[in-house]
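Here is a short briefing on helix packing and aromatic contacts. Please keep the model open while reading.

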Amino acid sequence: MLDASGERVMITDFGFAKNFWESTPKTCLGTAAYVAPEVLELKPYDGTKVDAWACGVILYAMLEGDYPFGVGDGKGVGRKGDKQLHERLRRGWAAVEFPRHFQRGAIALLKRLLTADPAVRVSCQEALMDEWFQGDAAVASAVASDLRKLRGQSPPSARKSEGSFGALD
């Protein structure tokens, strides 16, 4: 969605919206490519830290045009889900291959967002204050350049199994 100015993209997903002030999330559901490792534990978790993880997945996808951990085998995220994907998710950024064209600042922010331990993971508010995220026009230009390159490429076949990246397709 575009904001009221028509200049900023807003990413939303109300597929599992919850008022976490009333109760702690504990449901194991979501799109396998975006699910945080603590969701797989079937215990209560901090929904804000899960959202920060998903923002890391989205940022990686925007920069690379593919998911950092893959998309899984289509069995979902519950007990019957893809065990190999679950293991990659539990390892966090250590399981991610960062492309050579990623800027160091982007990699540092992604590592902070894709930290497996939610107690150590950066919050969305902290990510917004990150030096790379707050960077100058050179950063924005580099991201725009990467997006232009992606638009000229055909999307990876893996994306077809769990949706698309909208404008990147």
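A crossing is left-handed if the near helix is turned anticlockwise from the far one by less than a right angle, and right-handed if clockwise. In this predicted model, helix α1 passes helix α3 in a left-handed crossing. The structure also holds four aromatic pairs.

**Packing of α1 and α3**

- Helix α1 covers residues 47-64, and helix α3 covers residues 104-113.
- The two helices pack at an angle of about 150°, and their axes are 8 Å apart.
- Angles over 145 degrees count as roughly antiparallel, so α1 is roughly antiparallel to α3.
- On the α1 side, the contact uses Ala 52, Trp 53, Cys 55, Gly 56, Leu 59, Tyr 60 and Leu 63.
- On the α3 side, Ala 106, Leu 109, Leu 110 and Leu 113 meet them.
- By class, the residues of this contact between α1 and α3 are ten nonpolar, one polar and no charged.

**Aromatic pair Tyr 34 and Tyr 67**

- What geometry does the pair of Tyr 34 and Tyr 67 have? The ring centres are 5.4 Å apart and the planes stand at 85°, so the pair is edge-to-face.
- Tyr 34 lies in the segment before α1, and Tyr 67 lies in the loop between α1 and α2 (83-91).
- The pair therefore ties together parts that are 33 residues apart in sequence.
- Is Tyr 34 buried, partly exposed or exposed? Tyr 34 has a relative accessible area of 24%, so it is partly exposed.
- Tyr 67 has a relative accessible area of 5%, so this residue is buried.

**Aromatic pair Trp 53 and Phe 69**

- Trp 53 and Phe 69 form a stacked pair, with 5.3 Å from centre to centre and 15° between the planes.
- Trp 53 sits in helix α1 and Phe 69 in the loop between α1 and α2, 16 residues apart. The pair links distant parts of the chain.
- Trp 53 is at 0% relative accessibility, so it counts as buried.
- Phe 69 is buried as well, because its relative accessible area is 2%.
- Trp 53 is also one of the α1 residues that meet α3.

**Aromatic cluster**

- Ring pairs join Tyr 60, Phe 98 and Phe 102 into a cluster.
- Tyr 60 is also among the α1 residues in the contact with α3.

- Val 120 is placed in the loop between α3 and α4 (124-128).
- With a relative accessible area of 58%, Val 120 is exposed.
- Val 120 and Lys 49 are 71 residues apart in sequence. In space, they are 9.5 Å apart, C-alpha to C-alpha.

Note on methods: Residues are numbered from 1 along each chain as its sequence is written. This is a predicted model: local features need pLDDT of at least 70, side-chain atom pairs count only at pLDDT 80 or more; totals for chains, interfaces and linings use all residues. Side-chain values use heavy atoms; hydrogens and water are left out. Axes are lines fitted to C-alpha atoms, for helices over the stretch in contact, and angles run from 0 to 180 degrees between N-to-C directions. Helices (H or I, at least four residues) and strands (E, at least two) are DSSP runs, numbered from the N terminus. Angles under 35 degrees count as roughly parallel, over 145 as roughly antiparallel, 65 to 115 as roughly perpendicular and the rest as oblique. Contact means heavy atoms within 4.5 Å. Ala, Val, Leu, Ile, Met, Phe, Trp, Tyr, Cys and Pro count as nonpolar, Asp, Glu, Lys and Arg as charged, and the others, Gly among them, as polar. Rings of Phe, Tyr and Trp (its six-membered ring) pair if their centres lie within 6.5 Å; planes under 30 degrees apart count as stacked, over 60 as edge-to-face and the rest as tilted. Buried means under 20% relative accessible area, exposed over 50%, partly exposed in between (1.4 Å probe, protein chains only).
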